[in-house]
Amino acid sequence: MIDPKQGFCPECGSKLIEKPLEGEGIIPFCPTCNDYRFPKFNVAVSMIVINEQTDEILLIQQYGKPFYILVAGYLNRGEQEEQAVNREIKEETGMTAYRIHFNRTRFYEPSNTLMCNFTAYVKDASELNPNSEIDSYHWFSREEARKNIRPNSLAAEFLLAFLDEDK
Ligand SMILES: [Zn+2]
């Protein structure tokens with residue numbers, strides 16, 4: 001129940017124990033602070049951005065790396081995932097998503113992040129004006145996107161699952 005990587009209280013460092021909490025089940029508990037310590041992790045959204053006019057998918061390159069990935073970003077505290085999807089697309093690409101659809105989630109251990117994948121449809125690709133976080137971008141057909149997404153990445157897992165089911 002207690003994640004071995006989060007076995008100590010983030011406030012005081014004491015070893016956590018397991019304790020029942022009404023309505024929640026067994027929850028990690030700090031006997032020193034006398035308080036429950038729910039698991040901590042990050043939440044991010046990743047987006048398969050589709051041009052509704054052409055059915056093409058936007059893939060981007062970032063951080064000086066040569067492979068194509070999906071547009072993505074972390075949630076702000078208090079923000080809804082739907083808001084984060086729209087905000088990240090606007091901030092990073094300048095475009096407006098007019099319809100979004102939830103796909104699936106995966107936990108990404110290296111960054112302790114729950115990644116939540118959405119499809120986001122845009123109508124007006126002429127608004128595309130990438131910010132400095134994006135080195136380059138390309139609109140791909142579905143089959144080209146499948147070939148160009150970074151292999152064995154979480155982005156590829158999300159994209160391929162979407163392409164396989166959305167036929
Ligand atoms: Zn504590």
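How much space lies in the largest pocket? In this predicted model, the largest pocket holds about 660 Å³ of space. Its lining comprises 25 residues, and those closest to the centre of the pocket are Tyr-63, Ile-69, Ala-72, Tyr-108 and Met-115. Both strands and helices take part in this lining: two or more residues come from each of β4 (42-51), β6 (71-74), α1 (81-93), β8 (113-122) and α3 (154-165). By class, the lining of the largest pocket consists of 13 nonpolar, seven polar and five charged residues.

The second largest pocket contains about 300 Å³ of space. A set of 17 residues lines this pocket, with Asp-3, Lys-5, Gln-6, Pro-39 and Lys-40 nearest its centre. The lining of the second largest pocket is made up of 10 nonpolar, two polar and five charged residues.

Charged side chains were examined next. Side chains of opposite charge can pair when their charged atoms come close. Across the whole structure, 11 salt bridges are found. One of them is formed by the side chains of Glu-109 and Lys-5, with an N to O distance of 3.0 Å. This pair connects distant parts of the chain, since Glu-109 belongs to the loop between β7 (97-108) and β8 whereas Lys-5 belongs to the segment before β1 (17-21), 104 residues apart. Glu-109 is partly exposed, at 44% relative accessibility, while Lys-5 is exposed, with a relative accessible area of 65%. Lys-5 is also among the residues nearest the centre of the second largest pocket.

A further salt bridge joins the side chains of Arg-142 and Asp-55 at 2.8 Å, N to O. Here too, distant parts of the chain are linked: Arg-142 lies in helix α2 (residues 142-148) and Asp-55 in the loop between β4 and β5 (56-61), 87 residues apart. Asp-55 is partly exposed, and its relative accessible area is 33%.

Within helix α1, Arg-87 and Glu-91 are four residues apart, about one turn of the helix. Their side chains meet in a salt bridge with an N to O distance of 3.4 Å. Glu-91 has a relative accessible area of 42% and is therefore classed as partly exposed. Through salt bridges with shared partners, Glu-79, Arg-87, Glu-88 and Glu-91 are joined into one network.

The aromatic side chains form four pairs. In one of these, Tyr-68 and Phe-140 adopt an edge-to-face arrangement, at 5.0 Å centre to centre and with 85° between the planes. Tyr-68 is located in the loop between β5 and β6 and Phe-140 in strand β9 (residues 136-140), so that distant parts of the chain, 72 residues apart, are linked by the pair. Tyr-68 and Phe-140 are both buried. Another edge-to-face pair is formed by Phe-102 and Phe-118, at 5.5 Å centre to centre and with 70° between the planes. Because Phe-102 lies in strand β7 and Phe-118 in strand β8, this pair ties together parts that are 16 residues apart in sequence.

Lys-19 is positioned over the face of Phe-29, 4.1 Å from the ring centre.

Note on methods. Residues are numbered from 1 along each chain as its sequence is written. This is a predicted model: local features need pLDDT of at least 70, side-chain atom pairs count only at pLDDT 80 or more; totals for chains, interfaces and linings use all residues. Side-chain values use heavy atoms; hydrogens and water are left out. On a 1 Å grid over the protein atoms alone, a cavity is a set of points where a 1.4 Å probe fits but cannot get out, and a pocket is an open set with protein on both sides within 12 Å along at least five of seven lines; lining residues have an atom within 4 Å of a point. Grid points are joined across faces, edges and corners, and a volume is the space filled by probe spheres set on the points. Ala, Val, Leu, Ile, Met, Phe, Trp, Tyr, Cys and Pro count as nonpolar, Asp, Glu, Lys and Arg as charged, and the others, Gly among them, as polar. A salt bridge is a side-chain nitrogen of Lys or Arg within 4 Å of a carboxyl oxygen of Asp or Glu. Buried means under 20% relative accessible area, exposed over 50%, partly exposed in between (1.4 Å probe, protein chains only). Rings of Phe, Tyr and Trp (its six-membered ring) pair if their centres lie within 6.5 Å; planes under 30 degrees apart count as stacked, over 60 as edge-to-face and the rest as tilted. A charge sits over a ring if NZ of Lys or CZ of Arg is within 6 Å of the ring centre and within 35 degrees of the ring normal.
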